[in-house]
Amino acid sequence: MTVFIIRRLMQAALVVLVMSFLVFSGVFLVGDPTEILVADDADQAERQAIIESLGLDKPFHIQYLRFLQKAAQGNLGESFVFNEPALQLIMDRLPATMELAVAALLISVVLGIPLGVIAGLRPEAAYSKIIMTGSILGFSLPTFWVGIMMIILFSVQLGWLPSTGRGDEIHYVLGFPTSLLTLDGWSHVLLPAVNLALFKLSAVTRLARAGTREVVHQDYVKFARAKGLTDRRVIFVHVLKNILIPVVTVLGLEFGGLVAFSVVTETIFAWPGIGKLLIDSIGLLDRPVIVAYLMIIVLLFVFLNLAVDICYSLLDPRVRLQDIKA
Amino acid sequence: MTAIQEETAVEKTVADPKDAAVESPFKRILSDYMESPVAVIGAIGVILVIFIAVIGPFIAPTDPYDLSSVSFMDNLLAPGETMANGTVAWLGTDGAGRDLVSAMIYGLRISLGVGVGSGIIALIIGCTLGMIAAYFGGRTDMIIMRVVDMQLSFPAILVALILLAVVKGGPNEPGYFAVFKIIAALVVVQWAYYARTIRGSALVERRKEYVEAANCLALGNSRVVFRHLLPNCIAPIIVVGTMQTAHAISLEATLSFLGLGLPQTEPSLGKLISNGFDYVMSGKYWITVFPGLALLFMIVSINLVGDRLRDVLNPRLQK
């Protein structure tokens, strides 16, 4: 087991290193940030001073090594635009994104599993077909378009829900800012969270349906029914428990996907999270912030994949035996 | 195609010797396909989209690129109002005074072109690499599939975002370069799916007798791969190709909406929706809604076709 974890950790570190090189060289090669940072009327000396102060005059490999050295100390550079550490900027906005992602995850589980179970128990019923058609739409409609339609319907036409920001009433829980404690906060989070959840909701519904259809034919469900247990007990205890395993795995794995997709949702709903920060920084060619965002996301993904791999190997010893042999 | 035809023909004769007239697999697939009315509607939708995209410039009421014919006086007209030059803007005009019907027809061309173009390039690259991985196996296989696995562990939108974010050009970059960039990003995002798909089916096919026979005849590697192996792996690739094209179109629209895709000079449907988003709050819904519906129509049609093709082409579901 230890060998397996060490091996996976080394692989993960390699992936992070490769990605850091790709990201840094890509950002380094293209786009000249001095065009934006230096005032138009600056003379050559002022220009040179700014370039030197940012270390942009050094050759590529020196800049990269300095970046790695600082990154290892948790310093991903200073934002050209905000004059703040890039990592700090991201950490300031991370709670908002996490709040959105967690809310979306909750919505997809709380709605997706019951919908999937209902559709799986009676696959031929009309309502099951409606649910499945809905899930196909959830898969194929572009997230950003659905978001715009939601704004047009609920914010502009009906005026029920606000369409931008996360509200003013932000409270701190254990040091984390959250707007989920007030009704106003919930009204702000509802539209973006539903928008972000749609894709996952469809996925969870389909998974739960497929699982239910498989499980209801198992002997233990037949036996439970033969024992005369109520439908409710059979569904909640025997069926639900057994379909949860694949659903939970996929959810864990796809949480990173939610964070990545929040770029779109945050842009539409002007949600002050890291996705919107990324899009703004790309517009301003704010190199350190782009690099820092990408590194954080890569770390998040590598960590999630690693965690899922380790969980798998704990549950299924065949996985780690195979890996040690290879 | 010959290999498929021969094989199916043999199967058919074995299955039903009395059936003297052997129908071609194409006809069988077509008649199977037609059994689902929803899929037929999807196919009609796809044909319609392609038709509009091809003959676009001839049916568009105005040329949205012709600056002399676009008047700022016409901006933000509601659907059905008449423009200064007498044409009726059936779906209204956008913020620059362009007729929305015309802009959508041209946008459709760009969206479809970028989606299909990137799909074809990704298909060629992915299939070649997947085939190489399956045919040669060993270390080659391991390296290619490691790259595929690594890439597929990140969501497509993130990979495309990283690529477009790091190679973000200045405001003066020429339009064709932006088109090239987005196609390149979409190719990078898609090739791994094709590689994985074709490797999977090629691994199964490789063990079959006809490949062994071809190898016994001492045919060259490339001949065995392209003339014998590839034609028999084509069915799943068609399915993945249709689904991926829809996905690519949707992704391009999303990226253009985020301002990372196509520039203002090459307005795809996504860019039109993005432009219209600025006016949503003031109730001018049409600039965003109608291009969105066109995008939706295109994506859903392609997905319906792909969904049905998967059922029809899957040998396990036949008989």
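Author: Let us take residues 133-160 of chain A, whose end C-alpha atoms lie 27 Å apart in this predicted model; the span is 82% helix and 0% strand (helices are DSSP runs of H or I with at least four residues, strands runs of E with at least two, numbered from the N terminus). Residues are numbered from 1 along each chain as written, while chains are lettered from A in the order of writing. Local features need a pLDDT of at least 70 and side-chain atom pairs 80 or more, whereas totals for chains, interfaces and linings use all residues.

The stretch matters to our tour for its annotation: an unreviewed UniProt entry marks residues 133-160 of chain A as "transmembrane region", along with 12-31, 100-121, 180-199, 243-270 and 290-315, although such annotations may be inferred rather than shown by experiment.

From here we can turn to the partner chain, since 32 residues of chain A are in contact with 35 residues of chain B (C-beta atoms, placed from the backbone, within 7 Å). Two or more residues on the side of chain A that touches chain B come from each of α1 (2-29), α7 (143-157), α10 (231-268), α11 (274-284) and α12 (287-315) of chain A. Among these elements, α7(A) gives the most, with 7 residues. The residues on that side of chain A divide into 23 nonpolar, 8 polar and 1 charged (Asp, Glu, Lys and Arg count as charged; Ala, Val, Leu, Ile, Met, Phe, Trp, Tyr, Cys and Pro as nonpolar; the others as polar).

Chain B has its own "transmembrane region" annotations in an unreviewed UniProt entry, including residues 38-60 and 229-249. Residues 38-60 of chain B are 96% helix and 0% strand, with 29 Å between the end C-alpha atoms, and residues 229-249 of chain B are 95% helix and 0% strand, with 30 Å between theirs.

How far the picture can be read is a separate matter. Chain B averages a pLDDT of 78 (the predictor's confidence in each residue, from 0 to 100), and 79% of its residues score at least 70. Where pLDDT is low, the predicted coordinates should not be read in detail. The model as a whole scores ipTM 0.75 and pTM 0.80.

Terms used:
Contact = placed C-beta atoms within 7 Å.
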